Amino acid sequence: MKKKIVAATGCPTGIAHTFMAAEALQKAAEKLGVEIKVETHGQVGIENALTAQEIKEADGVIIAADKDVQADRFHGKPLIDVSVAKGIKEPEHLIEQILQGKAPVYYAADYDGAKQETDQESTTKGNNSKWVHTVYKHLMNGVSHMLPFVVGGGVLIAISFLFGIYSADPDHEQYNEFAALLKEVGGLGFSLMVPILAAFIAESIAKRPGMVVGFIGGLLASQGGAGFLGGILAGFIAGYIIILLQKLLKGLPRSLDGLKSIFLYPVLGIFLIGIIMKPIIIPVTGLNEGLMDFLASVQSTNPLLLGLIVGAMCGFDMGGPFNKAAYVTGTMLLAEGNLYFMAGVSAACIAPPLIIAFATVIFPKYFTKEERNAGAVNFILGSTHITEGAIPFAAKNPIVVLPIIMLGSSIAAILTYLFKVQVPAPHGGFLVLPVVTGAFQWVLAILIGSLVGAFIYGFSRKKAAQK
Amino acid sequence: MKKMIQPAYIQLQATATSQQGVFQTIADIAVANGIASSQEAIVEGLKAREKESTTGFQEGFAIPHTQAEEVSQPAIIIVRTETGVDWESFDGKPTFFFLSLLIPKSEAGTTHLQALSALSRALINEDIRQAMLRATTSTELATIISQAISGEDD
């Protein structure tokens, strides 16, 4: 039986070398009597795309590229990863390496994620598993592009807090110009988080035209207060809007291809995402206000229940509408002289990044290097009340991670309410400890909640990896 | 659609002896034939691409290329120098056969890009390389390349 190889080529400009390497590999394969399919990542996008089935059946994978060709999907295959130049220069050598079994088996950066996919594939069958896999792939594309914005923006904001909680407020005595600058640029990076998430979910679905529409959808979601759940929704809607438009506009003559991508897709796509997102955002905002009233009323009657609700809300969407509803309620009650409510909110907002951070430290084996680095950053983000640090981890597998985080946050909030801690500052995390009444109990409450969450999260990763 | 390769776009006995000289020759041809509006932009664009990684291939071939706003129509410009120029090619041999691809920034359609990728693919083909090396006139060379572009387009 003929050996089968799949390959992907790509170069930064995507005009010449991508195709030279593809041709060279095909010629070499022909000569060596090997069946090959080469996917090209050129200026016009991906051509001759590899299907999951083809990758599965292949004896090995050759990547000859100077750009990202989504190597994650080659998880578990013997793989050679070289520059595009090598692909042109020594295609036969590369193929021989695969034939002789010299290529190392590739483990994708998202080892755990890939494992989970296979789990899901074994439990669900046929089209269903394919569908899950596709959704996961789109989501991951968004998350991996969002991560640097979260880390870059978050760390700068955290540093600005070191100058004092109000250091960015020009009317306050703590005001420091440099701190204000840090907070401004960091905040800008942070504010792009949800739009980038949506943009690259859509990009994964519908390439460049999708990205444009997804970005706008994400902006609508973040400005309208629909948070990262709204962003995920916007990304998927945007991607499928373009797929739909591509189907509808299929009948147009080929000569209009240029007009489509530069004019029709962006104009129609942005219009449609606006029409669709606006009505979705309004109920979310309404929900927000209703929740605020409800929260204020529970505090007096049942602190245990309140801790559970606050924890669940803060952990549920981390920076999204539910989290913000709890947070805004906290700040408003703070203004009215209620220092207890905010303490629980802060604890619940600090816990999620710490859960992630502790999990990556206690269970390093079950996290990738990239994740461990992001995990370490989460210590800083958590300590400064920047809940969003946990989002990239949660977005990868929300169904499993969100309940864990909500549980950890709830424990932290409940203990805080039971210890009767008082926090007079609306933000800043552990930097405000000197002004907290019951600082020791507060830190203890947060640590307990975080560690419980971290152990559960760690064991869930371990279980996923062992399957 | 104007043809992407024409005899006027080809200079067979170029005197350039350096990378800068080759780029300048390409830019001269581009501006003289109304392909681009600025020589400087072309030279800079080609240089920038070269900096990312060499476009040198083997057996004396290189494909310097750029996408710039100053380019008004996609074109293939060919410069063949009398003496070889060091281009960090794969086989380390001096380069003398430059197939330069110039693409407008606003190039949204895929037709031209497909033609250019077809040319890149053709370069891998030993027979076509030999035919290009044997060609003695601009007209002959232009015909070989036109065929390579359309013939490979499947």
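**Overall make-up and confidence**

The structure is a predicted model, and for chain A the mean pLDDT is 83, with 92% of the residues reaching 70 or more. One stretch of chain A, residues 109–126, has a pLDDT below 50, although in the model this stretch still has 29 contacts beyond near neighbours in sequence.

Chain A holds 17 helices and five strands, while chain B holds five helices and five strands. Along its sequence, chain B runs in the order β-α-α-β-β-β-β-α-α-α. Of the 467 residues in chain A, 51% count as buried, and of the 154 residues in chain B, 47% do. In chain A, 71% of the contacts with a separation of 6 or more are made by residues 24 or more positions apart; for chain B, among contacts between residues at least 6 apart in sequence, 69% join residues at least 24 apart.

**The interface of chains A and B**

Where the two chains meet, 19 residues of chain A are in contact with 19 residues of chain B. On the chain A side, the elements that supply two or more residues are helix H1 (17–32), helix H3 (84–89) and helix H10 (257–301), and H1(A) gives the most, with five residues. Sorted by class, this side of chain A has nine nonpolar, five polar and five charged residues.

Two packed helices are described by the angle between their axes and the distance between the axes.

| Helix pair | Axes come within | Crossing angle |
|---|---|---|
| H11(A) (residues 303–317) and H13(A) (residues 339–362) | 9 Å | roughly 40° |
| H13(A) and H16(A) (residues 398–418) | 8 Å | roughly 145° |

The axes of H11(A) and H13(A) cross at roughly 40°, and that angle makes H11(A) oblique to H13(A). This crossing is right-handed, and the contact is made by A:Gly307, A:Val310, A:Gly311, A:Cys314 and A:Gly315 of H11(A) together with A:Gly344, A:Val345, A:Ala348, A:Cys349 and A:Pro352 of H13(A). By class, the residues of this contact are six nonpolar and four polar, with no charged residues.

H13(A) also passes H16(A) in a right-handed crossing. Here H13(A) contributes A:Tyr340, A:Ala343, A:Gly344, A:Ala347, A:Ala348, A:Ala351, A:Pro352 and A:Ile355, and H16(A) contributes A:Ile405, A:Gly408, A:Ser409, A:Ala412, A:Ala413, A:Thr416 and A:Tyr417. The residues of this contact divide into 11 nonpolar, four polar and no charged.

**B:Gln58 in its loop**

In chain B, B:Gln58 lies in the loop between helix H2 (39–52) and strand E2 (61–62). This residue has 16 C-beta neighbours inside 10 Å and therefore counts as partly exposed, since a residue is buried at 20 or more such neighbours and exposed at 12 or fewer. Leaving aside neighbours within four places in sequence, B:Gln58 is in contact with B:Ser89, B:Phe90 and B:Asp91. The C-alpha atoms of B:Gln58 and B:Trp87, which are 29 residues apart along the chain, are separated by 9.9 Å.

Definitions and conventions. Residues numbered from 1 in each chain as written. Chains lettered and ligands numbered in written order. Predicted model: local features only at pLDDT ≥ 70, side-chain atom pairs only at ≥ 80, totals over all residues. Contact = placed C-beta atoms within 7 Å. Helix = DSSP H or I, 4+ residues; strand = E, 2+ residues; numbered from the N terminus. Nonpolar A, V, L, I, M, F, W, Y, C, P; charged D, E, K, R; others polar. Axes fitted to C-alpha atoms, helices over the stretch in contact; angles between N-to-C directions. Parallel < 35°, antiparallel > 145°, perpendicular 65-115°, else oblique. Left-handed = near helix turned anticlockwise from the far one by under 90°. pLDDT = per-residue confidence, 0-100.
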